[in-house]
Amino acid sequence: MQGLIAENNEKRKLLNKENKKIYEDMLMYVRLSYNKSEAETEEVLMELLDHLLILQHEGREASELFGTDPKKYADEIVGELPQTITKKVLMLFFMGVFYFLGVAAFINGLVSTILYFGFGQLESIKTYYIGSLSINTLLSLGIAFLVVYSVIRYFRWSCFKNISKIFELLFTGVIFGALPFGIFLALFYFMPPFGPSITIEVYWLIIIGICFYVLGSVFKRKA
């Protein structure tokens with residue numbers, strides 16, 4: 001699979017500017033069809049690239065391959081691709097969950113440890129309440145998956161369109177960055193503590209984060 005992707009990356013360098021733009025839009029649109037077989041997707045993309053290179057070599061237009069509506073052509077390709085198997089989807093789901101928890105715990109533990117042992121700020125221990133921690137974790141995971149889904153939908157929507165890079169940077173920065181981050185902060189700030197409590201040293205969060213990340217890697221290999 002990686003070999004096919006690397007070959008695609010090299011062959012794309014042979015495309016002229018116009019053909020490269022339309023092909024890369026096609027590539028992004030098809031690859032972001034997340035419920036499709038990755039192997040079949042890459043094989044179809046390579047076939048398209050080979051056909052486009054032949055047309056270019058013969059001095060013919062890309063529209064002879066993609067038609068006058070490339071998005072419609074891309075939808076037809078996506079519709080014909082086989083769906084990925086349920087087991088793989090589940091493995092990718094758990095991979096995302098554990099990666100998210102791992103990175104969140106690791107960064108929280110690292111920052112808290114540095115602030116306490118390096119600058120004498122905050123405390124060496126943290127108390128968590130199981131009830132509020134569970135609710136916050138579930139809501140955070142829900143927001144994270146909603147953001148990822150929205151990013152994928154946005155990038156699929158933006159394919160085959162000429163959108164200002166400045167507008168795109170500001171729009172995605174606010175909608176997919178600042179807004180979710182503000183909601184995360186609000187969740188942990190306003191959620192009242194409830195349920196049994198547990199107190200741990202802050203550096204344990206680093207270890208917990210690494211364990212979650214390793215679990216995520218295990219699910220990634222199984223996907």
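Predicted model: local features only at pLDDT ≥ 70, side-chain atom pairs only at ≥ 80, totals over all residues.
A residue is called buried when its relative accessible area is under 20%, exposed when that area is over 50%, and partly exposed in between (1.4 Å probe, protein chains only). Residues are numbered from 1 along each chain as its sequence is written, and side-chain values use heavy atoms, with hydrogens and water left out.

Let us stay with Thr41 for a moment. Its place is in helix α3; helices here are DSSP runs (H or I, at least four residues), as are strands (E, at least two), and both are numbered from the N terminus. Which residues does Thr41 touch, not counting those up to four places away in sequence? They are Val30, Arg31, Lys36 and Leu81, where contact means heavy atoms within 4.5 Å.

Side chains of opposite charge can pair when their charged atoms come close. The term salt bridge is used for a side-chain nitrogen of Lys or Arg within 4 Å of a carboxyl oxygen of Asp or Glu, and the structure holds ten of these salt bridges. Arg31 forms one with Glu42, and their closest N and O atoms are 3.0 Å apart. This pair links distant parts of the chain, since Arg31 is in helix α2 and Glu42 is in helix α3, eleven residues apart. Are the two partners buried or exposed, or something in between? Arg31 counts as partly exposed because its relative accessibility is 30%, whereas Glu42 counts as buried because its value is 3%.

Another salt bridge joins the side chains of Glu64 and Arg60, at 2.9 Å from N to O. Glu64 is partly exposed at 48% relative accessibility, and Arg60 is partly exposed at 39%.

An α-helix has 3.6 residues a turn, so residues three or four places apart point the same way. Lys71 is partly exposed, with a relative accessible area of 32%, and Asp75 is partly exposed too, at 33%. Elsewhere, salt bridges that share partners join Glu7, Lys11 and Asp50 into one network.

Helix α5 covers residues 70-80, and its buried residues are Pro70, Ala74, Ile77 and Val78. Looking down the axis of α5, these buried residues fall within an arc of 95°, so they line one face of the helix; the arc is that of the directions from the helix axis to the C-beta atoms. What covers them? The cover includes α2 (17-31), α3 (38-57), α4 (63-66) and α7 (130-158). The face of α5 turned away from its buried side carries the exposed residues Lys72, Gly79 and Glu80.

Step back and look at the whole chain. An automatic or database domain assignment sets the domain bounds, giving domain 1 (1-80) and domain 2 (87-222). Their C-alpha centres lie 34 Å apart. In all, 15 residues of domain 1 are in contact with nine residues of domain 2. The area buried between the domains is about 1000 Å², of which carbon and sulfur atoms give 68%; buried area is the accessible area (1.4 Å probe) that two parts lose on being put together, summed over both. Across this interface the rule finds zero salt bridges.

For "transmembrane region", an unreviewed UniProt entry lists residues 89-117, 129-155, 167-190 and 202-219. UniProt positions are given in the numbering used here, feature names are shortened, and annotations may be inferred rather than shown by experiment. Over residues 89-117 the chain is 100% helix and 0% strand, with end C-alpha atoms 42 Å apart. Over residues 202-219 the chain is 94% helix and 0% strand, and the end C-alpha atoms are 27 Å apart.

Finally, visit Ile200 in strand β2 (residues 197-201). Ile200 and Lys126 are 74 residues apart in sequence and 5.6 Å apart in space, C-alpha to C-alpha.
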